[in-house]
Amino acid sequence: MAADNPHGAMFRVITPNQHSRVTNAELFFDLVFVFAVTQISHALLHHFTPLGAVHVAVLFLAVWWVWVFTAWVTNWLNPELTPVRLLLFAMMLGGLVLSTTIPTAFEGRGLWFAIAYAAMQVGRTAFWLFATPAHRTLVRHNAIRILVWLSVSASFWILGGLAHDEARLWFWIAALTIEYISPAARFWVPRLGFSSVEAWAVEGGHMAERCSLFVIIALGEAVVVNGATFAELEWTAANILAFVSALVGAIAMWWVYFHKGAEAGSEWISKSTESGRLARLAYTYLHLPIVAGIILTAVSDELVLKHPTGHSDIRTVLSTIGGPLVFLVGTILFKHSVRGFLQLSHGIGIILLLVLWWFASELSPLWLSIATSAIMIVVAVWESVSLGSKVEEAEER
């Protein structure tokens, strides 16, 4: 029973050698972030300028950070219990406010964005501290450390919400900097010092599944937006080819991430004696470029669907090549942290995309999309064949 759990009444009951499943409450909570990802991709599509890209990057980093911190906390707490479910439902409300303000976060609704974000980060951590029993000193101290860091960053978020124009951007960059360096700094605070490795232990299989589900959210958002955009267009040969190319590219991305990488990551972190440290690197940080690449590719797909012919402009080139490029950089680093070696297929894919960049402006958006999708297919097939051969060799031995 929950009350007999030595970790605390609201904590998950961890069974050795048994994977803690992702609960329906967590999946329900994730629905808010489907909306958030859509808002981010649309914000970039409508503000595709250097300053607009910086604004969208700040908002994306905030959305990812609030989601992944929640994933950490629900890795420890049990969402099957009513108090934890109510926490997630309250977080959903905050997430909806956060998502709806994304398009105008640097305009009229910046304070709403800041209040929603700060309330989610501080409120969730305060709940975790409250739920941790007194005898679990290491965990309580860890919660206090994180609460201190997030409270400091929250002040910068609120100051940014009250400020305007460039000042808002700098306040929010300062807030993100505080939050993103905090795990690497092990949440050092005076008197309590650094957090310990023991306090960061996670149920590895659950953490891997949570992050892979966010990748599904990003890919699913891209597919839905592509379908909605295609439905509104005249079905010409060029538009149909662009739609097929976008779908094939999404399938290739799914294959590159899920066919071998996600499974290997789950197995690796589940067996690790330093699950917290490895989850921080592989899932908290290295999944950022993976998700960012998918979102950037979704922007490209919409641009290509609407304007498949003619020369590719700078927005089309940056998104169509940049999306898969950022995605492959993220996956090669993620898989390196899992397997201990750099995947040759991913490296070749990165090189091919960089070569394509040199003459991308001479291609039409459609052919540029087809070329990048073909490169992603090569990467997916190459990795599947090469790793399959290694498995067969190991079995023969």
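Let's start at Phe89, which counts as partly exposed at 38% relative accessibility; here buried means under 20% relative accessible area, exposed means over 50%, and partly exposed is in between, with a 1.4 Å probe and protein chains only. Before I go on, this is a predicted model, so local features need pLDDT of at least 70, side-chain atom pairs count only at pLDDT 80 or more, and totals for chains, interfaces and linings use all residues. Residues are numbered from 1 along each chain as its sequence is written, and side-chain values use heavy atoms, with hydrogens and water left out.

So, who does Phe89 pair with? With Phe28: the two rings sit edge-to-face, 6.1 Å centre to centre and with 80° between the planes. The rule is that rings of Phe, Tyr and Trp (its six-membered ring) pair if their centres lie within 6.5 Å; planes under 30 degrees apart are stacked, over 60 edge-to-face, and the rest tilted. This pair links distant parts of the chain, since Phe28 is in helix α1 (residues 24–46) and Phe89 in helix α3 (residues 82–100), 61 residues apart. Phe28 is partly exposed too, with a relative accessible area of 41%.

By that ring rule the count comes to 25 aromatic pairs. There's also an aromatic cluster made of Trp254, Trp255, Tyr257, Phe258, Tyr283 and Phe334.

Zooming out: how many helices and strands are there? The protein has 13 helices and 0 strands, where helices (H or I, at least four residues) and strands (E, at least two) are DSSP runs numbered from the N terminus. The radius of gyration is 22 Å, close to the 21 Å that the globule rule gives for 397 residues, so the protein is as compact as a globular protein of that length. That radius is taken over C-alpha atoms, and the rule is 2.2 Å times the number of residues to the power 0.38. The C-alpha trace spans about 65 × 65 × 35 Å along its principal axes.

Buried residues make up 54% of the 397. Of the contacts with a separation of 6 or more, 79% come from residues 24 or more positions apart, with contact meaning heavy atoms within 4.5 Å.

Asn226 is in helix α7 (residues 204–232), and at 5% relative accessibility it counts as buried. Leaving out residues up to four places away in sequence, Asn226 touches Phe243, Ala246, Ala298, Asp301, Glu302 and Leu305.

Ala175 is in helix α6 (residues 165–181) and is buried, with a relative accessible area of 0%. With that same exclusion of residues up to four places away, Ala175 touches Ser153, Phe156 and Trp157. Ala175 and Ala62 are 113 residues apart in sequence, yet 9.5 Å apart in space, C-alpha to C-alpha.

Last stop, helix α12 (residues 344–358). Its 15 residues reach 22 Å from first C-alpha to last, close to the 21 Å expected at 1.5 Å a residue; that expected span is 1.5 Å times one less than the number of residues. Which residues are buried in α12? Ser345, His346, Gly349, Ile350, Leu353 and Leu356. Seen down the axis of α12, these buried residues fall within an arc of 140°, so they line one face of the helix; the arc is that of the directions from the helix axis to the C-beta atoms. The face turned away from that buried side carries the exposed residues Leu344 and Trp358.
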